[in-house]
Amino acid sequence: MTRPRGWLDRKRALWRARATARDAGSVFLSQRRVYILPTRAGLGFAALLLVLLVGSVNYSLGLGFGLTFVAGACAVIDMVQTTRNLAGLVLSPGRAPAVFAGEDAPFELRVDNPTRLARYAVWIDFEHVAEPRQAVDVADGASTALVLRAPTRARGWMRAPRVRLSTQFPLGLFRAWSWWQPDSRALVYPFPEQDAPPLPMLGRPSPDGAGSTGSDDFAGVRAYQPGDALRHLAWRQIARLDPALGGPLVTKHFEGGTVDDLELDFDALPPHLDVELRLARMTRWVLEAEQRALPYAFRLGRIRYDTSLGTAHEAACLRALALYGIAEDAP
């Protein structure tokens, strides 16, 4: 009796769903999740045992039978030990720092061994890698952390690929492996434009007289503020105050003039540019403004950030650029 084709399709769909399902939190590798098959060396060893057995039967060799059974028992023990080298481990996802498109996204993984059996030569890597690149040894009751890297191609959220764990310890006659889909993702920023135009600086009247022009009317010194130009630092006063001993930094104060107002507005970019190119240009401007310590405002669609500077402001702007047009919870 043949089963209906619909039954096979449902089985295949169920298998695919299980293969792509993500394991939330820590995962315990039970024996049901560990698969094992003989290696080439194991198949050769089995052929050798068969030859020894046939020879012992033909020539009635008692020592041949003993050698065959002892070697076969060693192979069975190796099969059990190879399975136990994986079974019982606890896997947990770690941090996944943000990167720029085109770079390798690092995914931190943690391997815990709560048992009294030490684990050796456990190879771990993503499934798309032909040969695993990292091997770990985990002592009994200990844990270890490692970082696996996967290439990125586009901005947005990148889910961690499926992880493959394998081992051939101790004799190499069998290969045991298991799969793990960590519930981890990394944020991928747009790659900065290589030859971006200069920052869109705009001049406006300065309320306190500190500006890029009109610096002929010196009015004294004031405390240093982030974004002040280095050429306006009062070096003579700074030398007398000695910042190394706790003295403050001071800046020359001028009457009148203008200051450079920096606003990064996505809608102000040329409309003929591709969306991804405009995002890449905005990314370059954000990085350059942070590098030059120039406070800047940020405009991207409905997102509005006031003029600011610092790590938190930079991270918020880059995150908005990475997720532009992408749902926050998209994979």
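A cavity is a set of grid points where a 1.4 Å probe fits but cannot get out, and its lining residues have an atom within 4 Å of a point. Keep that in mind as we walk through this structure, which is a predicted model.

**Stop 1: the cavity**

Begin by selecting L91, L109, V111, I124, L146, V163, L165 and W180, the residues that line the largest cavity. How many cavities of 30 Å³ or more does a search of the whole structure find? The search finds 1. The volume of the largest cavity is about 30 Å³.

Now colour the lining by type. It divides into 8 nonpolar residues, with no polar and no charged ones. Next, show the strands: strand 5 and strand 10 (163–167) each supply at least two residues of this lining.

**Stop 2**

Is T167 buried or exposed? Its relative accessibility is 1%, and buried means under 20%, so T167 counts as buried.

Move on to F169 and P170. A cis peptide bond joins them, with omega at about 10 degrees. P170 itself is found in the loop between strand 10 and strand 11 (174–180).

**Stop 3: ring pairs**

Next come the aromatic side chains. A pair of aromatic rings is described by the distance of the centres and the angle of the planes. In this model the count comes to 7 aromatic pairs. One of them is formed by F107 and F126: the ring centres are 6.1 Å apart and the planes stand at 90 degrees, so this pair is edge-to-face. Select both and follow the chain: F107 lies in strand 5 (residues 104–112) and F126 in strand 6 (residues 119–126), so the pair ties together parts that are 19 residues apart in sequence. F107 has 0% relative accessibility and counts as buried. F126 also has 0% relative accessibility and counts as buried.

Then select F298 and Y305. How far apart are the centres of these two rings? They are 5.8 Å apart, and with the planes at 25 degrees the pair is stacked. F298, at 0% relative accessibility, is buried, whereas Y305 is partly exposed with a relative accessible area of 27%.

**Stop 4: charges over rings**

Two arginines are next. Select R162 with W179: R162 lies over the face of the W179 ring, 4.1 Å from the ring centre. Then select R185 with W157. Here the charged end of R185 sits over the ring of W157, at 3.7 Å from its centre.

**Stop 5: a side chain that reaches a backbone**

Select Q181, in the loop between strand 11 and strand 12 (185–189). At 8% relative accessibility, Q181 counts as buried. What does its side chain reach? It reaches the backbone oxygen of A160, at 2.7 Å.

**Stop 6: positive phi values**

Most residues other than glycine have a negative phi. With that in mind, select S60, where phi is positive, near 50 degrees, in a residue other than glycine. S60 is found in the loop between helix 2 (40–59) and helix 3 (62–84). With 60% relative accessibility, S60 counts as exposed.

Now jump along the chain to A293. Its phi is positive too, about 60 degrees, although A293 is not a glycine. You will find A293 in the loop between helix 5 (275–291) and strand 17 (296–300). Its relative accessible area is 30%, so A293 is partly exposed.

**Last stop: D195**

Finish with D195, in the loop between strand 12 and strand 13 (201–205). Is D195 buried or exposed? D195 is exposed, with a relative accessible area of 72%.

How values were computed:
Residues are numbered from 1 along each chain as its sequence is written. This is a predicted model: local features need pLDDT of at least 70, side-chain atom pairs count only at pLDDT 80 or more; totals for chains, interfaces and linings use all residues. Side-chain values use heavy atoms; hydrogens and water are left out. Rings of Phe, Tyr and Trp (its six-membered ring) pair if their centres lie within 6.5 Å; planes under 30 degrees apart count as stacked, over 60 as edge-to-face and the rest as tilted. Helices (H or I, at least four residues) and strands (E, at least two) are DSSP runs, numbered from the N terminus. Buried means under 20% relative accessible area, exposed over 50%, partly exposed in between (1.4 Å probe, protein chains only). A charge sits over a ring if NZ of Lys or CZ of Arg is within 6 Å of the ring centre and within 35 degrees of the ring normal. On a 1 Å grid over the protein atoms alone, a cavity is a set of points where a 1.4 Å probe fits but cannot get out, and a pocket is an open set with protein on both sides within 12 Å along at least five of seven lines; lining residues have an atom within 4 Å of a point. Grid points are joined across faces, edges and corners, and a volume is the space filled by probe spheres set on the points. Ala, Val, Leu, Ile, Met, Phe, Trp, Tyr, Cys and Pro count as nonpolar, Asp, Glu, Lys and Arg as charged, and the others, Gly among them, as polar. A polar contact is a pair of N or O atoms within 3.5 Å; within protein, one must be able to donate a hydrogen and the other to accept it, and residues adjacent in sequence count only if both atoms are side-chain atoms.
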